[in-house]
Amino acid sequence: MNVVHNTPVSVVTIERFIIEQERLYPEASGELSGVLYDLALAAKMIANKVRMAGLVDILGGNETENVQGEAQQKLDVIANDIMIKAMDHGGRLCAMASEEEPDIIPIPDGFRCGKYCLMFDPLDGSSNIDVNVPVGTIFSVVRKVTRGSAGEMEDFLQPGRRQVAAGYVIYGSSTMLVYTTGQGVHGFTLDPSIGEFLLSHPNIRTPERGKFLSVNDSYEQHWEEPVRALMRRYRGMDGVQKAMNVRYVGSLVADFHRNLLGGGIFVYPANAKSPRGKLRLLYEANPLAFIAEQAGGAASDGYQRILDINPSELHQRTPLYMGSKADVETVHEFLTPAGVTA
Ligand code: AHG
Ligand code: MN
Ligand code: MN
């Protein structure tokens, strides 16, 4: 009788993988590895809360608004607190920034400051919590560039190409952590029976051209004509390419993750209501753009590479076209003014 083994071929925990990656850099101090360990812990703690939503009183609104003027869900606030408390005392960060906080978050007195800055969206897609659609956490790490030990606003306002690590957690049918440090994109699935993230998707590569189009076309009336023409192309209505399947759940992390693995493009254009788009550059677009590029994809604001945008504000928004390389290049057939190099 053949015994079915359900253990993966080689069990590699995220901690072991991080150490092996660190060994690629003999000069590494281990501080970035420490940030990644702490993020994996925070992810498990948030996953625990997300899995309990509906059973304990953490669904619904918090009757508060964040700096974006958006109603905060209880889980937004819980995830934000978990991230801050898990990350603020490790001695590797000089400050943090969160979608849920108006200003940068200093490291509390008494804790050592380190050389990295962490930006994060503690809970992405929070409008989906109460209806059990996947939500996520997104994070981005850059090196401190200012003198002195405490982080300053200037440390956060760096172009996305300066990121040293970026990733996301998706709380879906399973909990997965996907990250890059510039050495490819790797996915880890949480085994809740042992509380470990195990390597399940090494070296993720995204298909050159995708089958999925993720867009909220209820804004169609607010788009400019070139964007409408671009959508007709993706839908096969101008006869140039096959129609793409529209898949949109309204959680950026869930839409991005499906397209990363299956190929596709996520599109959130500027529109008359949100002239700079909706998604935030520092802790949504930049980290996922780093992942997309490391997996062989691309990310643009319609005119330039997301990772080349020089930020001027902590919570600034950007139009976003991100995913399979060929599908992002199509954007530049419609949006990049002639003579402007994309
Ligand atoms: P957040 O919950 O962190 O505010 O992010 C929500 C974002 C993103 O997850 C999603 O792609 C987008 O909002 C959906 O926006 P629309 O509802 O306008 O389509
Ligand atoms: Mn978000
Ligand atoms: Mn959020």
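Which spacing do the donors of the manganese ion (ligand 3) follow along the chain? They follow E-x21-D-x1-L. The close-ups below come from a predicted model.

**View 1. The manganese ion (ligand 3) and its donors.** Three residues coordinate the manganese ion (ligand 3): Glu-99 through OE, Asp-121 through OD and Leu-123 through O. The distances run from 2.1 to 2.3 Å. Read the spacing E-x21-D-x1-L against these names: E is Glu-99, D is Asp-121 and L is Leu-123.

**View 2. Asp-121 as a bridge between manganese ions.** Asp-121 links the manganese ion (ligand 3) with the manganese ion (ligand 2). The two ions lie 3.7 Å apart. Is Asp-121 buried or exposed? Asp-121 counts as buried, because its relative accessibility is 0%, and the cut-off for buried is under 20%. Leu-123 has 1% relative accessibility, so Leu-123 counts as buried.

**View 3. Helix H5 and what covers it.** Helix H5 spans residues 225-234. Its buried residues are Val-227, Ala-229, Leu-230, Met-231, Arg-233 and Tyr-234. What covers them? The cover includes three strands: E11 (212-214), E13 (264-268) and E15 (320-323). Helix H8 (325-334) is also part of the cover. Gly-236 follows H5. The phi of Gly-236 is positive, near 70°.

**View 4. Thr-330, a residue of helix H8.** Look for Thr-330 in helix H8. Thr-330 counts as buried because its relative accessibility is 4%. Which residues does Thr-330 touch, not counting those up to four places away in sequence? They are Arg-209, Leu-230, Arg-233 and Tyr-234. Leu-230, Arg-233 and Tyr-234 are among the buried residues of H5.

**View 5. Helices H1 and H2 packed together.** Two packed helices are described by the angle between their axes and the distance between the axes. Here, helix H1 (residues 14-22) packs with helix H2 (residues 31-52) at an angle of about 160°. Their axes are 10 Å apart. The angle makes H1 roughly antiparallel to H2, because angles over 145 degrees count as roughly antiparallel. The crossing of H1 and H2 is right-handed.

**View 6. The residues where H1 meets H2.** From H1 come Ile-14, Glu-15, Ile-18, Ile-19 and Glu-22. They meet Ser-33, Leu-36, Tyr-37, Ala-40 and Lys-44 of H2. How do the residues of this contact divide? Six are nonpolar, one is polar and three are charged.

How values were computed:
Residues are numbered from 1 along each chain as its sequence is written. Chains are lettered from A and ligands numbered from 1 in the order in which they are written. This is a predicted model: local features need pLDDT of at least 70, side-chain atom pairs count only at pLDDT 80 or more; totals for chains, interfaces and linings use all residues. Side-chain values use heavy atoms; hydrogens and water are left out. Donors are N, O and S atoms within 2.8 Å of the metal (3.2 Å for Na, K and Ca); water is not among the atoms, so sites may look incomplete. Buried means under 20% relative accessible area, exposed over 50%, partly exposed in between (1.4 Å probe, protein chains only). Helices (H or I, at least four residues) and strands (E, at least two) are DSSP runs, numbered from the N terminus. Contact means heavy atoms within 4.5 Å. Axes are lines fitted to C-alpha atoms, for helices over the stretch in contact, and angles run from 0 to 180 degrees between N-to-C directions. Angles under 35 degrees count as roughly parallel, over 145 as roughly antiparallel, 65 to 115 as roughly perpendicular and the rest as oblique. A crossing is left-handed if the near helix is turned anticlockwise from the far one by less than a right angle, and right-handed if clockwise. Ala, Val, Leu, Ile, Met, Phe, Trp, Tyr, Cys and Pro count as nonpolar, Asp, Glu, Lys and Arg as charged, and the others, Gly among them, as polar.
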